[in-house]
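Here is a friendly walk through a structure made of protein chains. Have a look at it first, and then we can go through it together.

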Amino acid sequence: MRGNAHKYGKNVDTDVIIPGKYCNIIDAAELGKHALEGLDAEYTSRMKTGDIIVADTNFGCGSSREVAPIAIKGSGTSAVIAKSFARIFYRNALNIGLPIFEAPEAVDGIESGDEIEIDPPSGTIRNLTKGTSYKSAAFPPFMQSLIEAGGLQPYVEKRLAERAKV
Amino acid sequence: MGMTLTEKILARHAGLDRVEPGQIINAKVDLVLANELSAAVAIGVMRNIKGADRVFDNEKIALVEDHFVPAKDAQSAKLAKLMKDFAGEQNIKHFFDVGRGGIEHVVLPEEGLVAPGELIVGGDSHTCTYGAFGAFATGMGSTDIAAAFVLGEVWLRVPPSIKIVYNGTPGEMVFAKDIMLKTVGTLGIDGATYRAIEYHGTTVDDLSITGRITMANMAIEAGAKNGIFHADEKTIAYVKERTNRDFLVERADADAMYERIVEIDVASLEPQVACPHTPDNVHPISEVTNETIPVDQVFIGSCTNGYIEDLRIVAKILDGKRISPNLRVIVNPGSQKVWMQAAQEGILTILASAGCVVNTPGCGACFGGHMGTLGDGERCISTTNRNYVGRMGSPKAEVYLGSPATCAASALTGVITDPRTLAAVGV
């Protein structure tokens, strides 16, 4: 996972990640054309596939719209690094397979335009421009097991299979 | 060590004697909610789950058409139809189409689908509204909702609880909305992230069910997972009028552990306004009205303040008056039932005579969907719950949040107005 950083502030809410008027779209690529439109209307024209969003605390606060992480993923953004995430966004991102990393020190050590490399299994975030390296917070064990199982869908299938056996 | 109200409900639904904050549990759900936007995505996810042909219980799912309806365009109509077809295919008992429902969070309590002690998850962040009834209720995204549709259970991390104690009698023109704006301003928009809010104190004991709904609704504005009141005689009477279902009224233990206890003195509180562009940018109205702030639109409605009690306040203020010629006022009764009640009480005529437009129930204007979208440079004062950049339309618009009384007062003068000064303007 490698790309240039686009850095934003605190409380990037779901209304600016994908404005309400686009919430009747379900196609990820179409949603991706409007990612972050309320915050930075040029984001999608400036970013390149694989780029990384870097933000301060409480990223994704506000509504439960799952199209928020879907839009970010659909834009070609490879990951979001933030000091912290809002609760519903956090679940949604994991559920739809948008890689997210909680790493306050990395956020402080990254500027817009820096080239960033992330190694998801170890949670290592490298700032190739500045030559620095950081570690993201580990996911709680249950969430790690969900991620390893491939997300919520395989988990549900496993639960259903267990029930069928009883 | 005792348990908080949230912990008790979660423990019972997980089949455990007790739970601790931080613990991951699998909890059975009593109701799963979705609207046409969250359902459309959830249905797509469910179709991809192997072995998931049927929902877990066709009587424990509520599907409400409310965000882009009556359909704004063909794409919105497609989503509404997708949910309607799914409701038919799965024989969903609680499906509410246009004209038979309204805003999901207004409809579910009205229909007796929410009771104390229940565990409700919904594909909408304001699902936390049902905490007003002593239920654990939380918003989730569509994939989690699809899982709940199929399994009838969800995984949850038990949240630590913040106890907020409200004391004092609200002053003139101070309502539940003002008390909750003050709360969000005090906690901050991430002040309760991953946490439960438990509302306590004599002030909330005295509040009506509608007042508690307004407060529970905005728990998410402080980032909370849920916000919960203890059910009392008022709650039980309200619920028993609407359902014969058995339910369990529980109380937090006297020795429950709270992460924080916050006290809010309501007696000294003025009407409050959240200024652009976050719901925690809250100021007493006297500070806000220090400068003259003209508005282009007043919006009355939403799952926060679209109830009959709210419309009565607005009608009382606007009765026999005309709104300022410089603005428009859009009123959305929260549900078909609220709309009909308002019609019977003559409220709709009062509002229309004053120059307001009365819309069909729905979420449209609140989230910048349709029927009240703001343009560049426009300013709105609204009874809704969020005022983020672009929330009600253009990212170059401004949204202020206030109570129905503050919004109605502002409708008369054309500028943000302290409702306590209404006598001075002849009300």
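## A tour of the model

B:Met371 sits in the loop of chain B that runs between β16 (357-358) and β17 (379-382). Please keep in mind that this is a predicted model. The backbone at B:Met371 has a positive phi of about 60 degrees, although the residue is not a glycine.

B:Tyr194 has a relative accessible area of 19%, so it is buried, as the cut-off for buried is under 20%.

| Peptide bond | Form | Omega |
|---|---|---|
| B:Val69 to B:Pro70 | cis | near -15 degrees |
| B:Pro276 to B:His277 | cis | near 0 degrees |

B:Pro70 belongs to the loop between β3 (61-64) and α3 (74-89) of chain B. B:His277 is in the loop that links β12 (272-274) with β13 (282-284) of chain B.

### Where the chains meet

How many residues does each chain bring to the contact? Chain A gives 42 residues and chain B gives 45 residues. Together the chains bury about 3,700 Å², and carbon and sulfur atoms account for 57% of that area. On the side of chain A, the residues that lose the most area to chain B are A:Asn24, A:Arg87 and A:Arg91, together 21% of what that side buries.

Four salt bridges are counted between chain A and chain B. In one salt bridge, A:Arg159 pairs with B:Glu153, and their closest N and O atoms are 2.6 Å apart. Several helices of chain A each supply at least two residues to the side that touches chain B: α1 (14-17), α4 (67-74), α5 (87-96), α7 (141-149) and α8 (152-165). The largest share of that side, eight residues, comes from α8(A). Sorted by class, the side of chain A that touches chain B holds 20 nonpolar, 12 polar and 10 charged residues.

### Two loop residues of chain A

A:Asn11 lies in the loop between β1 (2-7) and α1 of chain A. Its relative accessibility is 19%, and therefore A:Asn11 counts as buried. Leaving out residues up to four places away in sequence, A:Asn11 touches A:Thr57, A:Asn58 and A:Cys61, as well as B:Ile189 and B:Asp190. The side chains of A:Asn11 and A:Asn58 make a polar contact at 3.0 Å.

A:Ser78 is in the loop between α4 and β3 (79-82) of chain A. With 15% relative accessibility, A:Ser78 counts as buried. Neighbours within four places in sequence aside, A:Ser78 is in contact with A:Met1, A:Gly50, A:Asp51, A:Ile52 and A:Pro99.

### The nonpolar cores

The largest nonpolar core has 188 residues, and those with the most contacts inside it include A:Phe59, A:Phe89 and B:Leu108. Helix α2 (residues 36-48) of chain B gives the most to this core, with eight residues. Beyond its neighbours within four places in sequence, B:Leu108 has contacts that include B:Leu31, B:Ala62, B:Val114 and B:Tyr130. A second, separate core has 14 residues, among them A:Ala79, A:Phe101, A:Ile125 and A:Tyr134.

How values were computed: Residues numbered from 1 in each chain as written. Chains lettered and ligands numbered in written order. Predicted model: local features only at pLDDT ≥ 70, side-chain atom pairs only at ≥ 80, totals over all residues. Heavy atoms only, no water. Contact = heavy atoms within 4.5 Å. Buried area = accessible area lost by both parts, 1.4 Å probe. Salt bridge = Lys/Arg side-chain N within 4 Å of Asp/Glu carboxyl O. Helix = DSSP H or I, 4+ residues; strand = E, 2+ residues; numbered from the N terminus. Nonpolar A, V, L, I, M, F, W, Y, C, P; charged D, E, K, R; others polar. Core = buried A, V, L, I, M, F, W, Y, C linked by side-chain atoms within 4.5 Å. Buried < 20%, exposed > 50% of the residue type's maximum accessible area, 1.4 Å probe, protein only. Polar contact = N/O pair within 3.5 Å; in protein donor to acceptor, adjacent residues only side chain to side chain.
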